[in-house]
Amino acid sequence: MTTAKEQYFPGLEGVIAGETAISTISGGLQYRGYGIEELATRSNFDEVAYLLLHGGMPTPAELAGFRKRLSENRVIPDAVVDFIRKLPRNAPAMDVLRTGVSALAHFDPDTDSNEHAADVRKAERLLARIPTLIGVRSRLKRGLEPIPPRADLDFSANLIHMVTGKVPPESHRKAFEVSLILYAEHEYNASTFTARVTASTLAGMYGAITAAIAALKGPLHGGANERAVEVLQSVGKSSNAEKWIRDSLARKDRIMGFGHRIYKVEDPRARILKNFCRELAGKIGGQASDWEGVADIIERVIWDEKKLPPNVDWPAGRLYHMMGLEVELYTPIFVSSRITGWAAHVIEQHDHNRLIRPVARYTGPADLKYVGIDQRQ
Ligand code: CMC
């Protein structure tokens with residue numbers, strides 16, 4: 001038996017739980033060696049998705065082939081659409097997405113293979129189909145018929161079109177695209193670790209991604225982008241903001257969209273996305289502009305009082321709200337992007353697999369005497 005060193009870090013804080021060549025946070029967030037600032041401002045989501053899944057930047061021909069495969073794979077089986085149609089109207093969008101991804105496994109010819117090439121094919125199909133699942137569910141819930149995916153639109157424009165039925169204006173599409181790039185990958189976060197643990201048992205890509213979606217839903221993780229907007233909705237006008245946030249902090253409320261396990265001074269994703277958010281709010285005006293003022297006051301007070309920086313979910317929630325997207329779509333949108341990082345991690349795990357099985361420090365009783373049920377009071 002291997003004995004573990006008696007070291008315990010609650011929440012695995014600071015523990016190196018594995019190796020990865022996909023991204024690093026130390027020294028600035030980089031995806032496969034490329035800084036996110038440059039990716040967000042100069043690249044596009046399709047290219048970043050290729051980088052994560054295939055391990056390097058595509059040539060023009062590789063990118064064209066990748067885009068073609070994505071647009072050809074966007075349609076989901078009728079059986080899955082019918083299944084979604086029959087689900088209760090009030091089922092949370094993230095739960096339906098998790099169920100939908102799990103259901104897609106039954107129609108994927110590669111479902112039982114953990115070979116590298118099969119994993120990449122499954123990852124590309126999932127990337128192509130998750131926007132369709134989101135669009136189908138969102139429209140059915142609103143009593144509208146699903147609209148087919150548009151092969152002529154890129155990833156981000158197609159996703160918005162499948163939900164709203166409209167091709168987004170370029171200013172919306174660009175800011176949205178940046179949010180997808182920033183959401184795509186983030187090292188050993190909770191949902192990615194969940195995916196890797198599941199993959200390490202050789203349970204397969206679909207099982208790992210289904211588990212990752214379940215983990216992302218939580219409000220301490222991806223679910224925070226929906227809760228961040230609830231904060232702004234309850235504050236309302238900028239004149240209420242200072243009192244609202246000071247009262248919340250006095251009550252020791254947890255403010256969603258703030259704090260991070262690793263970023264203690266700044267989440268670089270939040271800084272980058274805030275600029276795009278601000279630019280769009282300036283163009284839209286009205287409530288969008290006022291919310292930027294509210295956001296500034298809340299950021300200032302939380303930093304002064306608690307030294308907590310905003311995380312990426314803080315501007316992302318505002319951005320999706322100003323684009324007119326329903327709140328319950330925000331975390332599914334996160335999924336539509338993070339599928340790239342998750343799948344890259346599943347592939348990396350399968351390529352160098354060893355079962356992930358840590359140990360626990362036992363805190364319960366020991367050596368109790370068994371008493372028969374007839375003698376227990
Ligand atoms: N609001 C108020 N207090 C906070 C917050 C917050 N958002 N975050 C941390 N704290 C306080 C916490 O109450 C605790 O205080 P005390 O020591 O007095 O009890 C202290 O800071 C440490 O908290 P922790 O939960 O042990 O810290 P952590 O490093 O485990 O927390 C976190 C990381 C993300 C779970 C936490 O900051 C949080 O709950 N934030 C709100 C949820 C959120 O925005 N999540 C998104 C994370 S980033 C992107 C993503 O994954 O989607």
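**Exercise 1. Helix α7**

Decide whether helix α7 of this predicted model is mostly covered or mostly open, and list the helices it packs against.

*Solution.* 
Step 1. Locate the helix: α7 spans residues 155-164.
Step 2. Count the buried residues. Nine of the 10 residues in α7 are buried, which leaves the helix mostly covered.
Step 3. Name them. The buried residues are Phe-155, Ser-156, Ala-157, Asn-158, Leu-159, Ile-160, His-161, Met-162 and Val-163.
Step 4. Find the partners. These buried residues pack against α2 (45-54), α6 (116-141), α8 (170-183) and α16 (330-351).
Step 5. Look just past the end of the helix. There, Gly-165 has a positive phi of about 80°.

**Exercise 2. A serine in α6**

Is Ser-138 buried or exposed, and which residues does it contact beyond its sequence neighbours?

*Solution.* 
Step 1. Apply the cut-off. Buried means under 20% relative accessible area; Ser-138 has 3% relative accessibility, so it counts as buried.
Step 2. List the contacts. With neighbours within four places in sequence left aside, Ser-138 is in contact with Val-163, Glu-326 and Leu-329.
Step 3. Connect this to Exercise 1. Val-163 is one of the buried residues of α7, and α6 is among the helices that those residues pack against.

**Exercise 3. An arginine in α13**

Determine whether Arg-269 is buried or exposed, and name the residues it touches.

*Solution.* 
Step 1. Arg-269 is part of helix α13.
Step 2. Its relative accessible area is 4%, so Arg-269 is buried.
Step 3. Setting aside residues up to four places away in sequence, Arg-269 touches Leu-29, Ile-36, Leu-182, His-186, His-260, Tyr-263, Val-312 and Arg-338.

**Exercise 4. The ligand site**

How many residues surround the ligand, and what polar atoms lie at 2.8 Å, 2.9 Å and 2.6 Å from its atoms?

*Solution.* 
Step 1. Count the surroundings. The ligand is surrounded by 20 residues, and the closest are His-221, Arg-254, Ile-255, Phe-258 and Asp-313.
Step 2. Start with nitrogen. A nitrogen atom of the ligand lies 2.8 Å from a polar backbone atom of Phe-258.
Step 3. Turn to oxygen. A ligand oxygen atom is 2.9 Å from an N or O atom in the side chain of Asn-311. For the side chain of Asp-313, the distance from an N or O atom to an oxygen atom of the ligand is 2.6 Å.
Step 4. Consider the surface. The ligand taken alone exposes 930 Å², and the protein buries 68% of that.
Step 5. Identify the space: what the ligand takes up is the largest pocket.

Notes: Residues are numbered from 1 along each chain as its sequence is written. This is a predicted model: local features need pLDDT of at least 70, side-chain atom pairs count only at pLDDT 80 or more; totals for chains, interfaces and linings use all residues. Side-chain values use heavy atoms; hydrogens and water are left out. Buried means under 20% relative accessible area, exposed over 50%, partly exposed in between (1.4 Å probe, protein chains only). Helices (H or I, at least four residues) and strands (E, at least two) are DSSP runs, numbered from the N terminus. Contact means heavy atoms within 4.5 Å. A residue is near a molecule or strand if one of its heavy atoms lies within 4 Å of it. A polar contact is a pair of N or O atoms within 3.5 Å; within protein, one must be able to donate a hydrogen and the other to accept it, and residues adjacent in sequence count only if both atoms are side-chain atoms. Accessible areas come from the Shrake-Rupley method with a 1.4 Å probe; for residues, only the protein chains shown count as cover. On a 1 Å grid over the protein atoms alone, a cavity is a set of points where a 1.4 Å probe fits but cannot get out, and a pocket is an open set with protein on both sides within 12 Å along at least five of seven lines; lining residues have an atom within 4 Å of a point. A molecule sits in a cavity or pocket if more than half of its atoms lie within 2 Å of its grid points.
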